[in-house]
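Q: Please take a close look at a single part of the structure shown below. Describe in one connected account how this part is put together.

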Amino acid sequence: MSEHCVIVCPPPAAGGRQVRVDDRLMGTAHSLHDLTVLLQNAGLTGWDELDVVESGLIEWHEGGPEVWEP
């Protein structure tokens, strides 16, 4: 798992947050559940929402896992 770089970008005015795994844009998450699904699609299988919140693998830009709107 530690070979991946996960970045959750700041929320734009429209809401949601873009998610990048390594250099690949995975999509836009509007909730912790959405983010978990995007990460599972990127190959981080077996992760649940608690894993996402507690992971040191994820870089949260301009807000943590509770921020989905600007």
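A: Two strands are said to pair if DSSP finds at least two bridges between them. Strands (E, at least two residues) and helices (H or I, at least four residues) are DSSP runs, numbered from the N terminus. The model is predicted, so local features need pLDDT of at least 70 and side-chain atom pairs count only at pLDDT 80 or more, whereas totals for chains, interfaces and linings use all residues. Residues are numbered from 1 along each chain as its sequence is written, and side-chain values use heavy atoms, with hydrogens and water left out.

Four strands form an open sheet in the order S3-S2-S1-S4, with mixed pairing. S3 and S4 are its edge strands, each pairing on one side only. From one strand to the next, the twist averages 20° (axes are lines fitted to C-alpha atoms, for helices over the stretch in contact, and angles between N-to-C directions run from 0 to 180 degrees).

Val-8 has Val-19 as its bridge partner in S2 and Trp-60 as its bridge partner in S4.

Buried means under 20% relative accessible area, exposed over 50%, and partly exposed in between, with a 1.4 Å probe and protein chains only.

Helix H1 lies across S1, S2, S3 and S4 and runs at about 155° to S3. Within H1 (residues 32–41), the buried residues are Leu-32, Leu-35, Thr-36, Leu-38 and Leu-39. Viewed down the axis of H1, they fall within an arc of 165° and so line one face of the helix; the arc is that of the directions from the helix axis to the C-beta atoms. An α-helix has 3.6 residues a turn, so residues three or four places apart point the same way. The buried residues of H1 pack against S1 (6–8), S2 (17–21), S3 (24–29) and S4 (58–60), and also against helix H2 (49–54), where contact means heavy atoms within 4.5 Å. Just after H1, Gly-43 takes a positive phi of about 105°.
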